[in-house]
Every structure is written in C-alpha cells, then in structure tokens.
Amino acid sequence: MSKAIIELKNIKRNFKVGDEIVHALRGVSFTIHEGEFVTIMGTSGSGKSTLLNLLGCLDTPTSGEYFLDGVSVRTMGKNERARLRNHKIGFVFQSYNLLAKTTAVENVELPLMYNARISAAERKEHAINALIAVGLGDRLMHKSNQMSGGQMQRVAIARALVNDPAVILADEATGNLDTRTSFEILVLFQKLHAEGRTIIFVTHNPEIAQYSSRNIVLRDGQIKEDKVNENILSAAEALAALPVPIED
Amino acid sequence: MNGTNLFKIALRALSNNKMRAFLTMLGIIIGVASVITMLAIGQGSKKSIQAQIAEMGSNMIMIHPGADMRGGVRQDPSAMQTLKLEDFYNIRDEGKYISAVSPSVNSSGQLIYGANNAPSTIYGVSQDYLTIRQLSVEDGEMFTDQDIQTSAKVCIVGKTVVDNLFPNGGDPIGKVIRFNSIPFRIIGVLKSKGYNSMGMDQDDVILAPYTTIMKRILAVTYLQGINCSAITEDMTDQAIEDITSILRRNHKLKEDATDDFTIRSQQELSSMMNSTTDLMTILLACIAGISLVVGGIGIMNIMYVSVTERTREIGLRMSVGARSIDILSQFLIEAILISVTGGIIGVIIGVGASFIVKYVAHWPIFIQSWSVMLSFVVCTVTGIFFGWYPAKKAAALDPIEAIRYE
C-alpha cells in the first residue's frame, strides 16, 4: 500500500448562521493514498465545498483530525496553513482565477513567489516546465486575456503543478468549459494521474467519476458512497469519439 | 517571505495594470497639484496686497519735536528747536530697526518761472526720503551727497509743479526756477503719485537738500522733523523704542522727564495691514483645507475601489500560500510607489501650473515650501492609508470568501 496523503478522521464542521448552527459536515472519515485520482461528488448543500476548503487548508474543522502528508492541520495557525498550501497543495478553480493581463509564466510563477527559498532562475525554469507539461510550451508569454478558457485552465493547472504539491485540488475544474474542452482537461488530469500525482476533483457532474480511480459521494454532510472505480474510462478515447466541431 | 520577492510581486502587479496604476496615481497628482497651485495663487495675492499696503508707507515713522511746556504753555512744535542734525546722524548711524532715515525741514512760498508762478512747499530732505515715501525720480536724477555737503541749489519737482510752471510743455530738467527769491535748478521730476487718501495732492512738492533749506532759506540749525522707515512693518514698535532711547540720551533727559519729541507711526495703516493679512491667512487656510479634503477624498475613493475590486486576486494569492502579512506588504508597497510617484509628479505639475498662471494670466504667485510639503505629505499619506486599509480588511478575510467575492 502506498503512503497516505490525506487522512480524515471523523471530521465535523459547523457554521453559525444567525442563531442556528448548520452542520455542513457530520463526521467524515476517509484516507486518500498517493497516486489516487478521487472525485468527490454531491449535490449542492451536500458539504462538498466545505470539505474541499478543509482539504485545501483554507478552513479548519470544528472537530476531528486531518493529516495532510502526515502533518496535523487542525491545530495550525493561519500563517502555518498558508505555508502548507504553498508547499503541499495545488488548487485549480472553476473560474481559473488567473491574474489579469499577466503572462502565463508569471501566473504560474505565483506560488513560488511566496516561497523565499526558490531563486528567480529556478522559479522561471519550474514555471516553464509546468507549462510544457500542460501543453502550453508555445504560449509562455501569452497574457491571460489573450487565451481561451481551455488555455486559461491549463495555465491554472500548471500553476497547481509548479510547486510539486502532494495533492492537486480541483474545484469544478471543467465547470466553465464546453464538452470538448472539458474532455481535453480531463485528458490532462488523467495524464497527471498516470504520472503518479494525487488528484482530488470536486464536481457535481457524475460523468466525470467514470474517469477517476475512486469516487466519494457526499450527502447531507456524510459519506453516502465510497467506491473504487475498477473500470476507468479513457478521456482521450471519449475525446476522439466526440463529433468533430464544424470549422467555419 | 523575503522583501525582494514582495517588491517584485508589487512591481509586477503594477506593471501588468498600468492603466489602473495610472488612474490611481492621477487622483494623487491632481490632489497635490491643485493644492500647490491654489496655495501659490493665494500666497501670491496675499503678498501683493501686503506690498500694496506697504507702499502706502505702513512702516513709516515720523519724529517731531513736541510735548514741551514752558510755564504751563504748550508750545507749537514747529517753533521748537529740540531736534538737531546730531539726532538725525545718530538715528542714521545707530538705529537698529531702520532701513531709511531723512531729516525734514520745509518752507512754503511762491514758485516763479518766467511768467508763471504758483504757491508750493519746498521740502529739505536727504536721498532716503524717496524710499520712505515710496517716491521715485522719473526724469533726471536725485541730488547727491555732494549736493548736500555743498548746500547746492538744486531741486526735484513733482508733476503738479511742472504743470503749473511749464503749462506749454517743454523739458523742465536743467531749468532754473525761483523759490521766493532763491534760484533752484531742476535736476529731476518725480513720478506722479496722485492724491492721497486725505485728498492732498502728493505731486505738489519740491524736494531739495536739507542743508540748502536749513542754511539758505530758513537759516536755522534745528530740524522740523525726522522721517524713518522701519525695516518691516512688524519692526515699527521696536524701531520707535530704539529711536526714543537714542533721542532721550542725546537730549540728556532725566529718567522722570517726559519726552521732548513725539514719534508717530502709521498705526491705521499697520492695523489695516494686520487685519488684511489675518484675513488672507484664514482664506488661505480655507483654500488649503478644502483642496486637501477634496484631493484626499478623491484619492481615498480611487484607492479604496481599486483595492476592493482586487479582493478575488487577494483570495487567489492567499490560496496559493500568501500570508496576510504578504498581502498587506504587497499592497502597502504598491500604495507607497503609486502615492510617492504621484506626489512627485503632482509637485512638478503644481509648480508648473503656478508658473503658467504667473506668465499667462499675469497673476502674482508665490510658492512656499511648506505648501508643497503639506500637500505632498497629506496626499501621499492619504493614498498610502487608503491603499493599506482595504487591503488589511481583505487580507483578514478567509481566503475562501475572498476568492468567491463578487
């Protein structure tokens, strides 16, 4: 068995909304090992966003234990969590969240800018390598406003890769893209998975679960289903099977 | 996190958004420039009003013999002989707060030139008299020390005298006129000053060396008065005290004796000057205050809006590992760069605009270093504060909230 990257033990998260207490997570436990491609699914209100925020160290649980790469996150302060995010986590957001009017390289360099141990030369090298890895080696100096949605999401993925994170967290990463581009992004995620990266992909789209190695379904703050996918579909084949778009 | 990286982050954020940076800077530039220009115009007006009042002789001091009692009878000052040339010399040489001093002796009589004659008064003075009364010689020249030593029979005449004696025109310079029966050669004509506030014709005047008047016309050894100018209007009181002590010493007055002279200054003028100055100062403070408030609010708004619209960016930066302090430092560096650069440009434009006002509109301007400092400091500090404050608020947000901010 490979090493456990994420260990959740009976995680609960309550929010106070006015006088009421909302139980967003009611005791969630699971372990994700290195090299897994996990989709976390659920309808809105199921607690998946809360779970993602906890996994991404953006939030801390009300109770329960969370170990990321062997480190306990629950007791950490804000600044320690920021450091942890910087070193161990790569985020991919639904709306890309690139810096406006900024080149691909500078966008990808961003996480490393907050890591003082990496020199300017290393930073640039890492960023270029990450962009090559997502297939944007020829668009290094394109600015974010000169790129298509698919390209922007690739830049975002490169940014998530650049710090060589323990886990990549994708939040509806294909949610803003058309079918073809969504599959292109899925192909990329599968490629990263094949390279041994750990990926957690939060989505409400059940189709995507077919392309991951494991699927966790949340409902009302609890795990409803946690199933290893024996029959992983190839996104590349699905992409090839799509009707060719009409060029005009 | 090291400073170099933060600096680089801030510079990148600025250079990738030149338009936003420029617009933000524009707020500061306009703020600083308008305050400097308004104050320059205000200060210039204040100065020019002060100069106009000063030209009326607000710093003038007049010394007359007087306050002398003989057997209970107060004497006519002009008949008194207490002021001597010695007093004049001592005031001239020892007076500390005095920029000009001239003796004054005068005599009224009839002026005659050819077939024309007119009554007038001849004043025996020294060259300083021109400074004291803000007179200037338009044609010809003033008499010299030589003329004073030799009691030369030369004179400078006013416009009215010229009009009276030379009704058909013709250059009066070099002509010899007679005062009573004594001939005087005209060597200069005074620039016209018109009527004073009392309705007296200030151009109906003849100036001659005081020695000439004393020896050749009046045949006296005393002076009817001494006129002085204090260096500035503020120093008038000190100058009066100083002159008093010189004269009391010269006149060997005992401690308890009253002065045998009177000293008068233009108190009405000087109080008018003070109240005008005070009014202008209040006006300037209002202009500066309003300009600063308007400029400051402009800067505040633009900085606040520009940082608030970057809340998502802040959320993103935090999610990739920026700490609150990193975010704050970045925005603080950006705000300082924008505000200081904008402030410097504002100073240049403000000074430039002031000079344009001076040379194009011909308004008096006066740029004081404190007004430049004040506007620069207030605007930059406002800029930095309102760049920092919303960033502080944003950095305190949860990254989740910040990144979802709409």
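In strand β11(B), which residue is the bridge partner of V101(B)? The partner is C228(B). This is a predicted model, in which local features need pLDDT of at least 70, side-chain atom pairs count only at pLDDT 80 or more, and totals for chains, interfaces and linings use all residues. Residues are numbered from 1 along each chain as its sequence is written, while chains are lettered from A and ligands numbered from 1 in the order in which they are written.

Stay with strand β4 (residues 98-113) of chain B. Strands here are DSSP runs (E, at least two residues), and helices are DSSP runs too (H or I, at least four), numbered from the N terminus. Two strands pair if DSSP finds at least two bridges between them. β4(B) is joined by 6 bridges to β11 (residues 225-230) of chain B, and the two run antiparallel. With β5 (residues 116-125) of chain B, β4(B) pairs in the antiparallel sense over 9 bridges. There, N106(B) stands opposite Y123(B). The hairpin of β4(B) and β5(B) has 2 residues between the strands, and G114(B) takes a positive phi near 60 degrees. β4(B) also pairs with β8 (residues 176-179) of chain B, antiparallel, over 2 bridges. L111(B) faces F179(B) in that strand.

Now step back to the whole of chain B. Its domain assignment gives domain 1 (3-52 + 273-403) and domain 2 (60-265). Such bounds come from an automatic or database domain assignment. The C-alpha centres of the two domains lie 58 Å apart. Helix α2 (residues 18-55) of chain B packs with helix α9 (residues 267-308) of chain B at about 175 degrees, their axes 9 Å apart. Axes are lines fitted to C-alpha atoms, for helices over the stretch in contact, and angles run from 0 to 180 degrees between N-to-C directions. The angle makes α2(B) roughly antiparallel to α9(B), a label for angles over 145 degrees. Their contact has 20 nonpolar, 14 polar and 2 charged residues. Here Ala, Val, Leu, Ile, Met, Phe, Trp, Tyr, Cys and Pro count as nonpolar, Asp, Glu, Lys and Arg as charged, and the others, Gly among them, as polar.

Chain A holds an open sheet of 4 strands in the order β2-β1-β4-β5, with antiparallel pairing. β2 (20-33) and β5 (71-72) of chain A are the edge strands, each pairing on one side only. Inside this sheet, 5 bridges join β1 (residues 4-17) to β4 (residues 63-68) of chain A. K9(A) stands opposite E65(A) in β4(A).

Another open sheet of chain A has 6 strands, ordered β6-β7-β8-β3-β9-β10, with mixed pairing. β6 (89-92) and β10 (222-228) of chain A each have a single partner strand, so one side of each is left without a neighbour in the sheet. The twist averages 15 degrees from one strand to the next. β3 (residues 37-41) and β9 (residues 214-219) of chain A run parallel, joined by 4 bridges. In β9(A), R214(A) is the bridge partner of V38(A).

Finally, the two chains meet. 21 residues of chain A are in contact with 23 residues of chain B; contact requires C-beta atoms, placed from the backbone, within 7 Å. α2 (78-88) and α3 (104-113) of chain A each give two or more residues to the chain A side. The largest share, 6 residues, comes from α2(A). By class, that side has 10 nonpolar, 5 polar and 6 charged residues.

Conventions:
Contact = placed C-beta atoms within 7 Å. Parallel < 35°, antiparallel > 145°, perpendicular 65-115°, else oblique.
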